Amino acid sequence: MSKVFIARGGTAPYEFGGTTQELFGEDLDGFTDIKISGAVEDAGKKYVVSGQIECIKTFTCDRCLAQAATAQIHRFAEDFDKAEAVDDWLDVTELLRDELLANQPIKNLCKDDCKGLCPKCGANLNEGDCGCDKLCVDPRLAALKNLEIKEV
């Protein structure tokens, strides 16, 4: 579980890291080298927790199916009611887990210009051209090849 110390009437910096099991109480596949840093500010009627999560995300590319890894940095700021503090500590486990998961890309790509796999032979096109004929005609439209168009 992840907790940060609060400084009543001031600002308290924090820095820690660990595995997803240690930080969130659950295993989240693909996340390593997690480092969290920031500060907790006493803002009168609330505490403001701000900072950033740095990690390495390993994944399978959605286009070419190759294994890849990327460094990620996620910045956050969240208000907490003062009643949520227990003995000068604030549990930020849910905030950190949600920030990490909500900021994941919809598509995991090994690189922005990933060419993917050949639809005919399955070769990884990032490694070079496979030599397959790239013209793929949708079988539902194949009859249109025989259509003769007459000029009026």
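Predicted model: local features only at pLDDT ≥ 70, side-chain atom pairs only at ≥ 80, totals over all residues.

Reader: Fine. What is the secondary structure of the protein chain, and in which order do the elements run from the N terminus?
Author: The protein chain has 2 helices and 6 strands. From the N terminus on, they run β-β-α-β-β-β-β-α.

Reader: What makes the radius of gyration of the protein chain stand apart from that of a compact globule?
Author: Set the two values side by side: a compact globule of 152 residues would come out near 15 Å, but the protein chain has 25 Å. The C-alpha trace also spans about 85 × 40 × 20 Å along its principal axes. As for burial, 31% of the 152 residues are buried. Among contacts with a separation of 6 or more, 53% are between residues 24 or more positions apart.

Reader: Which strands make up the open sheet, and in what order?
Author: There are 4 strands in the order β2-β3-β4-β5, with antiparallel pairing.

Reader: Why are β2 and β5 called edges?
Author: Because each has a single partner strand, β2 (11-18) and β5 are left with one side that has no neighbour in the sheet. From one strand to the next, the twist averages 10°.

Reader: How do you know that β3 and β4 pair?
Author: Pairing takes at least two bridges, and β3 and β4, running antiparallel, are joined by 10. So the pair passes the cut-off. Two examples of who faces whom: Val 40 stands opposite Val 49 in β4, and Lys 35 has Glu 54 of β4 as its bridge partner. These two strands form a hairpin with 3 residues between them, and Gly 44 in the turn has a positive phi of about 85°.

Reader: And how do you know that β4 and β5 pair?
Author: By the rule of at least two bridges, they qualify too, since 15 bridges join β4 to β5, again in antiparallel fashion. One of the facing pairs is Cys 55 with Gln 72 in β5. β4 and β5 also form a hairpin, with 6 residues between them, and Leu 65 in that turn has a positive phi of about 65°.

Reader: Where does α2 lie?
Author: α2 lies across β2, β3, β4 and β5, and runs at about 135° to β5. The buried residues of α2 are Thr 93, Leu 95, Leu 96, Glu 99 and Leu 100. What covers them includes β2, α1, β3, β4, β5 and β6 (89-91).

Reader: Why is Phe 31 called buried?
Author: Buried means under 20% relative accessible area, and Phe 31 has 10%, so the label applies. Phe 31 is found in strand β3. Beyond its neighbours within four places in sequence, Phe 31 is in contact with residues including Cys 55, Gln 72, Leu 100 and Leu 101. Phe 31 and Ala 69 are 38 residues apart in sequence, with their C-alpha atoms 9.6 Å apart in space.

Reader: Which residues touch the most other members of the largest nonpolar core?
Author: Val 49 and Leu 90, in a core of 22 residues. The elements giving two or more residues to this core are α1 (20-24), β3 (31-42), β4 (46-60), β5 (67-81) and α2 (93-102). Leaving out neighbours within four places in sequence, the contacts of Leu 90 include Val 4, Ile 6, Tyr 47, Val 49 and Phe 80.

Reader: What makes Cys 118 buried but Cys 121 partly exposed?
Author: With the buried limit at under 20% and exposed at over 50%, Cys 118 at 5% counts as buried. Cys 121, at 45%, falls in between, so Cys 121 counts as partly exposed.

Terms used
Residues numbered from 1 in each chain as written. Heavy atoms only, no water. Core = buried A, V, L, I, M, F, W, Y, C linked by side-chain atoms within 4.5 Å. Buried < 20%, exposed > 50% of the residue type's maximum accessible area, 1.4 Å probe, protein only. Contact = heavy atoms within 4.5 Å. Axes fitted to C-alpha atoms, helices over the stretch in contact; angles between N-to-C directions. Rg over C-alpha atoms; globule rule 2.2 N^0.38 Å.
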